[in-house]
Amino acid sequence: MGRAEMVVGPSEKAVAVVAYHVNDTINWWDDVNRSLDWQNRIFHVLAVLYGVVAVVALVQLIRIQMRVPEYGWTTQKVFHFLNFFVNGVRSLVFTFRRDVQKLQPEIVQHIMLDMPSLTFFTTYALLVLFWAEIYYQARAVSTDGLRPSFFTINGVVYAIQIILWLIMWWKPIRVLVILSKMFFAGVSLFAALGFLLYGGRLFLMLQRFPVESRGRRKKLQEVGYVTTICFSCFLIRCVMMCFNAFDKAADLDVLDHPILNLIYYLLVEILPSSLVLFILRKLPPKRGITQYHPIH
């Protein structure tokens, strides 16, 4: 009986092996998070990746300007410039990440880390505006109110965030930090729904075009891919901001969570920006452009 009780079955061995590997993975994660060398390596990797995306956006902006210099600041040009700006600032922030963490007062750290996120929202809200204009123009509906709405929404978002920063500067309490992160989670959800609404509408409208329509299939793929990518990235950002607000283990604003920073920024900014810039890489035609409107 004693010997029988000592026998360990295959299922118990499997559980023990899984538990060992899980524990080993957790230890590895903690070791990397605590290592100054690994922190610096990961932040420098993020800086390089953001720098590459910024250069790609700038090169594409120059190519568009050389192609259609007579059209001024079109929606397409502003979109690429904002991509260059956001990724360039992120690259600088991660290059000097340790110095950013030492900035005082603490509110300056929040501004340096959060302002690019707001500009990222504006960048892709501009794409939603572009699609909304195409959709309503195709349906012979007036688009006069779209641009004022775009500027109003962005103005309200920036105003609320600036007010929150000022209050946090005046009285830096944990509740205000949570409120600020939840506000941006709401903004991200709003952006995700915007892509779902107007990307979905434009996709369905293009599907109804005759099969032989020139460029129909390519435009369908373009709108479908970009809608899926942008909806997913803003939804992931919304979920992560909620965790970031309430769970210290998911805090993105500290130095000792480099792996989480790498995963988060890859999923919500670097990969989406790279894919969208690749999908929208086609240059506008030299003449007869009706869809590229100047930004007033």
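1. Is Lys 219 buried, partly exposed or exposed? In this predicted model, Lys 219 is partly exposed, with a relative accessible area of 43%. The cut-offs explain the label: buried requires under 20% and exposed over 50%, so a residue at 43% falls in between. The side chain of Lys 219 forms a salt bridge with that of Glu 222, at an N to O distance of 3.4 Å. Glu 222, by contrast, counts as buried, at 17% relative accessibility. Both residues belong to helix 9 (residues 216–246), where they stand 3 residues apart, about one turn of the helix.

2. Glu 269 and Arg 237 make another salt bridge, with 2.7 Å between the closest N and O atoms. Here too the pair links distant parts of the chain: Glu 269 lies in helix 10 (residues 258–279) and Arg 237 in helix 9, 32 residues apart. Glu 269 is buried at 1% relative accessibility, and Arg 237 is buried with a relative accessible area of 0%. Through shared partners, salt bridges join Arg 90, Arg 237 and Glu 269 into one network.

3. Because its relative accessible area is 1%, under the 20% cut-off, Lys 77 is classed as buried. Leaving aside residues up to four places away in sequence, Lys 77 touches Leu 61, Ile 64, Gln 65, Val 68, Pro 69, Tyr 71 and Gly 72.

4. The largest nonpolar core has 70 residues, and those with the most contacts inside it are Tyr 124, Leu 127 and Val 276. The elements that contribute two or more residues to this core are helix 3 (36–67), helix 4, helix 6, helix 7, helix 8 (174–207), helix 9 and helix 10. Helix 6 gives the most, with 15 residues. Beyond residues up to four places away in sequence, Tyr 124 touches Phe 79, Asn 83, Phe 195, Cys 230, Phe 234, Pro 272, Ser 273 and Val 276.

5. Helix 7 has 25 residues and spans 36 Å from its first C-alpha to its last, close to the 36 Å expected at 1.5 Å a residue. Which residues of helix 7 are buried? They are Leu 146, Arg 147, Phe 150, Asn 154, Val 157, Gln 161, Leu 164, Trp 165 and Met 168. Helix 4, helix 6 and helix 8 are among the elements that cover these buried residues.

6. On the annotation: an unreviewed UniProt entry places the feature "transmembrane region" at residues 42–66, 117–136, 148–170, 182–204, 225–246 and 258–280. Two of these spans can be set against the model. Residues 182–204 are 100% helix and 0% strand, with end C-alpha atoms 32 Å apart. Residues 258–280 are 96% helix and 0% strand, and their end C-alpha atoms lie 31 Å apart.

7. Most residues other than glycine have a negative phi, and most peptide bonds are trans. Gln 104 and Pro 105 are joined by a cis peptide bond, with omega about 0°. Pro 105 lies in the loop between helix 5 (97–101) and helix 6. Ala 140, although not a glycine, has a positive phi of about 60°. Ala 140 sits in the loop between helix 6 and helix 7 and counts as exposed, at 74% relative accessibility.

Notes. Residues are numbered from 1 along each chain as its sequence is written. This is a predicted model: local features need pLDDT of at least 70, side-chain atom pairs count only at pLDDT 80 or more; totals for chains, interfaces and linings use all residues. Side-chain values use heavy atoms; hydrogens and water are left out. A salt bridge is a side-chain nitrogen of Lys or Arg within 4 Å of a carboxyl oxygen of Asp or Glu. Helices (H or I, at least four residues) and strands (E, at least two) are DSSP runs, numbered from the N terminus. Buried means under 20% relative accessible area, exposed over 50%, partly exposed in between (1.4 Å probe, protein chains only). Contact means heavy atoms within 4.5 Å. A nonpolar core is a set of buried Ala, Val, Leu, Ile, Met, Phe, Trp, Tyr and Cys residues joined through side-chain atoms within 4.5 Å. The expected span of a helix is 1.5 Å times one less than its number of residues. UniProt positions are given in the numbering used here, feature names are shortened, and annotations may be inferred rather than shown by experiment.
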